[in-house]
Amino acid sequence: MTVMDVRKDPQNLTMTLDAEFDAPADRVWELWSDPRQLERWWGPPTYPATVTSHDLREGGRVEYHMTGPKGDQPAGYWEITDAEPPHRLSFRDGFRDADGRPNTDMPVNEVNVTIAEVGDGRTRMSIESVFPDTAAMEQLLAMGMQEGLTQAVGQIDAILAGQAARA
């Protein structure tokens, strides 16, 4: 399996997912930089993503929604704070309401992605989520954030192998 480890650190308000892939760093970066590839893995298999806006430059914004098995469409956005292709991406990750505005009833967390080649044609990707406080961390974890992110990243091997990410 792609995902090697998920660590939760309540004292530092972080959750970090580590994964390794049989691909160079440039190819792993494409999974983020190409909105059509991002759609194939961002979100667990039962909640596929649709990217409606994609500007992965510092100061840019990504907007998307996921479609659940009952037709529900939770929406999110990223405000890009740092982008250094193909090795680093940082963004504020939040929820959007039905009108597309930031949902202020939900927490916004910081996400730091690092992509580094580790040898033998393999690349390690770490996704660190930094929560604003304990309540936000508990809320998002209770909503299934760890399981959803693990399932989402678990789809990447099929994309890299040229297979369909979803049946």
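Visitor: Which domains does the assignment give for the protein chain?
Guide: The assignment gives domain 1 (2-132) and domain 2 (134-167). Such bounds come from an automatic or database domain assignment. This is a predicted model: local features need pLDDT of at least 70, side-chain atom pairs count only at pLDDT 80 or more, and totals for chains, interfaces and linings use all residues. Residues are numbered from 1 along each chain as its sequence is written, and side-chain values use heavy atoms, with hydrogens and water left out.

Visitor: How many residues of domain 1 are in contact with domain 2?
Guide: Contact means heavy atoms within 4.5 Å. Here 36 residues of domain 1 are in contact with 25 residues of domain 2. The C-alpha centres of the two domains lie 9 Å apart.

Visitor: What area is buried between domain 1 and domain 2?
Guide: Buried area is the accessible area (1.4 Å probe) that two parts lose on being put together, summed over both. Between domain 1 and domain 2 it is about 2600 Å². Carbon and sulfur atoms give 72% of that area. In domain 1, the residues that lose the most area to domain 2 are R40, W41 and F131. Together they account for 23% of what that side buries.

Visitor: How many salt bridges and polar contacts are counted between domain 1 and domain 2?
Guide: A salt bridge is a side-chain nitrogen of Lys or Arg within 4 Å of a carboxyl oxygen of Asp or Glu. The count between the domains is 0 salt bridges. A polar contact is a pair of N or O atoms within 3.5 Å; within protein, one must be able to donate a hydrogen and the other to accept it, and residues adjacent in sequence count only if both atoms are side-chain atoms. There are 4 residue pairs in polar contact between the domains, both residues at pLDDT 80 or more.

Visitor: Which elements give two or more residues to the side of domain 1 that touches domain 2?
Guide: Helices (H or I, at least four residues) and strands (E, at least two) are DSSP runs, numbered from the N terminus. The elements are β1 (3-9), β2 (14-21), α1 (25-33), α2 (35-41) and β8 (122-130). The largest share, 5 residues, comes from β2. By class, this side of domain 1 has 24 nonpolar, 6 polar and 6 charged residues. Ala, Val, Leu, Ile, Met, Phe, Trp, Tyr, Cys and Pro count as nonpolar, Asp, Glu, Lys and Arg as charged, and the others, Gly among them, as polar.

Visitor: In what sense do β2 and β8 pair?
Guide: Two strands pair if DSSP finds at least two bridges between them. β2 and β8 pair in the antiparallel sense over 8 bridges. In that pairing, L17 has I127 in β8 as its bridge partner. Strand β7 (residues 109-119) also runs antiparallel to β8, joined by 9 bridges. There, E117 is partnered by T123.

Visitor: Where does a positive phi occur in the hairpin of β7 and β8?
Guide: Most residues other than glycine have a negative phi, and most peptide bonds are trans. In this hairpin, with 2 residues between the strands, D120 takes a positive phi near 55°. L13 also has a positive phi, near 55°, and lies in the loop between β1 and β2. As for peptide bonds, the one from P85 to P86 is cis, with omega near -5°. P86 sits in the loop between β5 (75-84) and β6 (88-96).

Visitor: What stands opposite V51 in β4?
Guide: Y64 does. Strand β3 (residues 49-54) and strand β4 (residues 61-66) pair in the antiparallel sense over 5 bridges. V51 is also touched by P35, a residue of helix α2. P35 touches H54 as well, not counting residues up to four places away in sequence.

Visitor: Which side chain meets R61 in a salt bridge?
Guide: Side chains of opposite charge can pair when their charged atoms come close. Here the partner is E79, at 3.4 Å, N to O. E79 is in strand β5 and R61 in strand β4, 18 residues apart. The structure holds 15 salt bridges.
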